[in-house]
Amino acid sequence: MSSLKSFLSAVSPIIGVSPAALYERQRALVKLGLLMVAPGRGPGSGVSFTAENFAAVLISVLAAETLSQVDQYIVDLCNAQPDGTLPFGSGRTIWNNLGKPTFLTDVARVLSGQNTRWRHSESRQREYFGIRVSRVWRGQIVDSPTGSRPIVYYPDDSDKYMPIRSISITAEIEHEMLSKLATFTQGALSQVDDGDDE
């Protein structure tokens with residue numbers, strides 16, 4: 001399963017969104033430049049299946065109720081850094097060779113069974129209990145059963161300081177579904193890796 005389209009078709013029953021709707025989100029994210037397309041026709045062309053590419057589509061499902069809402073805000077949310085990290089381009093390097101974490105890269109790491117870069121611990125594997133997106137605009141990876149200490153990602157500083165609104169809309173992938181998605185993603189990634197070895 002090396003194409004994102006094939007993976008989305010297979011994972012759609014877990015998410016509860018039709019394969020066609022997921023593919024349309026993929027196409028919208030390509031137009032926005034968040035997903036890259038390999039040119040040509042047939043095997044090896046199109047958008048390849050990676051944990052990051054799947055994470056982008058999944059974030060768009062959480063952040064936008066309709067296809068028409070998949071816009072630059074989704075791109076900004078995917079590129080958001082965890083609260084408390086230095087902005088891109090700052091002089092101090094704190095992430096070694098791993099690159100700076102973003103909501104997209106950390107969601108991909110959760111789906112592929114790795115620790116996030118923000119709260120990385122070599123001594124033990126973290127358990128994740130959910131992924132949340134609140135409009136407008138905040139992403140969270142929940143790493144405690146109560147949800148009281150989420151890793152928070154803001155697209156930019158202006159959103160962080162917005163006054164708290166009396167009504168907010170939040171979409172969340174909770175623990176059971178997140179576990180199923182992570183297991184499914186890890187299985188698909190191992191098939192891709194096995195195919196690379198041949």
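Student: Hi! Is Glu172 buried, partly exposed or exposed?

Tutor: Hello! This is a predicted model, and in it Glu172 counts as partly exposed, at 31% relative accessibility.

Student: Thanks. Which side chain does Glu172 meet in a salt bridge?

Tutor: That would be Arg132, with an N to O distance of 3.1 Å. Glu172 sits in strand S5 (residues 169-174) and Arg132 in strand S2 (residues 130-135), so the pair ties together parts that are 40 residues apart in sequence.

Student: And Arg132, buried or exposed?

Tutor: Arg132 counts as buried because its relative accessibility is 17%, and the cut-off for buried is under 20%.

Student: How many salt bridges are there in the whole structure?

Tutor: A search finds 3. One of them joins Glu24 and Arg27, whose closest N and O atoms are 3.8 Å apart. Both residues belong to helix H2 (residues 19-31), about one turn of the helix from each other. Glu24 is partly exposed at 33%, and Arg27 is partly exposed at 39%.

Student: What about Lys180, which residue does it pair with?

Tutor: Lys180 meets Glu176 in a salt bridge at 3.7 Å, N to O. They are 4 residues apart in helix H7 (residues 175-197). Lys180 is partly exposed, with a relative accessible area of 45%, while Glu176 is exposed at 58%.

Student: Changing topic: where is Asn53?

Tutor: Asn53 is in helix H3 (residues 51-63), and it counts as buried at 13% relative accessibility.

Student: What is Asn53 in contact with, leaving aside neighbours within four places in sequence?

Tutor: With those set aside, Asn53 contacts Leu4, Leu35, Val47 and Ser48.

How values were computed
Residues numbered from 1 in each chain as written. Predicted model: local features only at pLDDT ≥ 70, side-chain atom pairs only at ≥ 80, totals over all residues. Heavy atoms only, no water. Helix = DSSP H or I, 4+ residues; strand = E, 2+ residues; numbered from the N terminus. Buried < 20%, exposed > 50% of the residue type's maximum accessible area, 1.4 Å probe, protein only. Contact = heavy atoms within 4.5 Å. Salt bridge = Lys/Arg side-chain N within 4 Å of Asp/Glu carboxyl O.
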